[in-house]
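User: I am new to this structure and would like to know what the descriptions of it rest on. Please take me through them.

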Number of protein chains: 2
Amino acid sequence: MSREPDAEYAAGDLRSTGMSLKHDRTWDYELDRILRAVDERAADTVGLQFPEGLKRRGPRVADDLRAALPDGVDVMISGKPCYGACDLDTYLMRRTDVFVHFGHSPMKESEKIIYVPLFSNVEVTPIMREALAELPAPAPDADPESGDRPAVGLVTTAQHMNRFDEMRSWLEARGYRVQTRRGDERLTHEGQVLGCNYASADVDADHVLYVGGGKFHPLGLAMEHPDTEVVIADPVNNVVSVADTETFVKQRYGAVHRAMDAEEWGVIFCTKIGQGRWETAREIVRQNDDAYLLTMDEVTPDRLRNFGLDAYVNTGCPRITTDDGPQFDRPMVTPQEYRIAIGEEPLEALEFDTFHGTW
Amino acid sequence: MSREPDAEYAAGDLRSTGMSLKHDRTWDYELDRILRAVDERAADTVGLQFPEGLKRRGPRVADDLRAALPDGVDVMISGKPCYGACDLDTYLMRRTDVFVHFGHSPMKESEKIIYVPLFSNVEVTPIMREALAELPAPAPDADPESGDRPAVGLVTTAQHMNRFDEMRSWLEARGYRVQTRRGDERLTHEGQVLGCNYASADVDADHVLYVGGGKFHPLGLAMEHPDTEVVIADPVNNVVSVADTETFVKQRYGAVHRAMDAEEWGVIFCTKIGQGRWETAREIVRQNDDAYLLTMDEVTPDRLRNFGLDAYVNTGCPRITTDDGPQFDRPMVTPQEYRIAIGEEPLEALEFDTFHGTW
């Protein structure tokens, strides 16, 4: 499907409101690959796991599979929340012959798992064109081969990774030196960022262009790289903006300040396969007689409320702490914020919590 | 602690309001048994699992254990919801050398698990005395040895099981023939009921006296045994009442009627160790092309909402369906209610969903 931005904008420009309609998106579920695996493994059971936003498609994918599968093969859909490749439904994985994880790139390859990435079909260059206004302008007559071209980092999410080469070429053709790298082993692709890992933005450039949906990733990126201007080209919501960390930082300072009064701490060890930081959690509990180790998969306000402790350190997904934190009754902080709250580090040292490695 | 009902009632009789204060309760956490197991197994890790209402005690139990344990033994508390012995935190169980499950009697013995029952210290006979008004009165001069004494069934929950013999003797001394039995293998003790299993009330008596907190269990009991009058002697909230199933039945009929319009069904297979009914779930999905198997541990409105199906059959804990059902956006029914909704059984056949066996 090709976008026609001019026609769309004519009716009323919703680009900066966040209210513009999402593009219709279609996905390739790679059913042939799944059917082949069922055949090769003589599978009796197939497990399907979708991210939250795509769970609604699950029954339709099951329909298509069931129509093509041999009789007697059971298709099961994971009903547990799923927020990333760090969050495999290990119960379903262990109990099905073929286990398919949709919508995320592999955090760790496994013969057991079929990862179906679900690349977006949304065009990216129209919104990148608008984003140029936020990037340093190349000299009109600059030699494309010279070193004078402005450097710009380029990152995206797994969803748009199929267009990464197109993004790079497009920027190069407009006079930019495009700086990219692959992050650490937690990331599959060059230029890919996760909500918890921005190592691919460690490039030599004052500006990084993030092409992707939402503000979730670029805000983390801007926090992790405070000296870099992060320009957001969002082809899904049709918005260009620059990541602003001020509100975010204030919220974190607020949480840390409130946590300073805590007498008793809950230290959350997350049991999701790719979210466990056992050494971090254990170290805190061993050094603080008023800290208690709590194990759980989903970290929710209800679950913590039952314990009635004064504050919580979440060693699992940092995005739960930072994005959902305000929904919790008690302050929830990252491991570094905990060290600030108990006086081991100064407030100014506050950094975004990132996650490295796999499992 | 002994109750003094007369003094308590003088200040304002809250017995029937459900507003009376709960008794102070103290629990024996059997720390010596846990410490002995740590020693015998040379354990490095201890996992503790508490029911929701006792999670707040977790940190205090951890304090006491840590004070007595050798250095370097890590104590972890399960932060996942827990509603019964059917609901072991298998993650924590598999990853700790000593795993302690508090507050429920064993559903299945295992060398790995230490079950600490946490018997209530609340006196039961004062409220049983009040409950006599709801039971058939023995003839004043009846021969205690004769068969003319009125029969009354007696059941309680794991929490009050330590006083079961006292309950029985007390009733016998007042002229009753006390009918008790042990249920099926899901139940540990004679006279014990679970929220999902009332087999111990299959006795030859028109009246069953339930001694225990809340209306959760006796309502299920009354549904499961519709010809029996279930008298509730609640020593925790200090209330006597008779279980009334009318509201409950209306709610179930409402759910079934709404589910009759469903075109697409989600069939929930619960992954909690003691709540799986795989054959039941699979059978429904195999026989209905518009039914989709969803696997999950916690069954919550949020999780089902993501799938956007028209109605749900819950093959897991029946109490989630019946007690929490009204909180869900879409009708959720038990397996039998599903058969009624699709026309395989008549509405009048509606029975309470119970759960048998272990795993």
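Analyst: A definition comes first: the radius of gyration is taken over C-alpha atoms, and the globule rule is 2.2 Å times the number of residues to the power 0.38. The model discussed here is predicted.

User: How do you know that the radius of gyration of chain A agrees with that of a compact globule?

Analyst: For 359 residues the rule gives a value near 21 Å, and chain A has 22 Å, so the two agree. The C-alpha trace of chain A spans about 65 × 60 × 40 Å along its principal axes. The chain holds 12 helices and 13 strands.

User: What makes a residue of chain A count as buried, and what percentage of the 359 residues is buried?

Analyst: A buried residue has 20 or more other C-beta atoms within 10 Å of its own. In chain A, 46% of the 359 residues are buried.

User: What makes up the side of chain B that touches chain A?

Analyst: Contact means C-beta atoms within 7 Å, and 31 residues of chain B are in contact with 31 residues of chain A. The elements of chain B that give two or more residues to this side are α3 (58-68), β2 (74-78), α4 (90-95) and β11 (291-296). By class, the residues on this side are 15 nonpolar, 7 polar and 9 charged.

User: How do you know that β11 of chain A and β2(B) pair?

Analyst: Pairing needs at least two bridges, and these strands have 3 bridges, in the parallel sense. Leu293(A) stands opposite Met76(B) in β2(B).

User: Why are β6 and β9 of chain B said to stand at the edges?

Analyst: The open sheet has 5 strands in the order β6-β5-β7-β8-β9 (chain B), with mixed pairing. β6 (177-179) and β9 (239-242) each have a single partner strand, so one side of each is left without a neighbour in the sheet. Neighbouring strands of this sheet are turned by 25° against each other on average, direction ignored.

User: In what sense do β7 and β8 of chain B pair?

Analyst: They pair in the parallel sense over 5 bridges. Tyr210(B) stands opposite Ile232(B) in β8(B).

Technical notes
Residues are numbered from 1 along each chain as its sequence is written. Chains are lettered from A and ligands numbered from 1 in the order in which they are written. This is a predicted model: local features need pLDDT of at least 70, side-chain atom pairs count only at pLDDT 80 or more; totals for chains, interfaces and linings use all residues. Helices (H or I, at least four residues) and strands (E, at least two) are DSSP runs, numbered from the N terminus. A residue is buried if 20 or more other C-beta atoms lie within 10 Å of its own, exposed if 12 or fewer, and partly exposed in between; C-beta atoms are placed from the backbone. Two residues are in contact if their C-beta atoms, placed from the backbone, lie within 7 Å. Ala, Val, Leu, Ile, Met, Phe, Trp, Tyr, Cys and Pro count as nonpolar, Asp, Glu, Lys and Arg as charged, and the others, Gly among them, as polar. Axes are lines fitted to C-alpha atoms, for helices over the stretch in contact, and angles run from 0 to 180 degrees between N-to-C directions.
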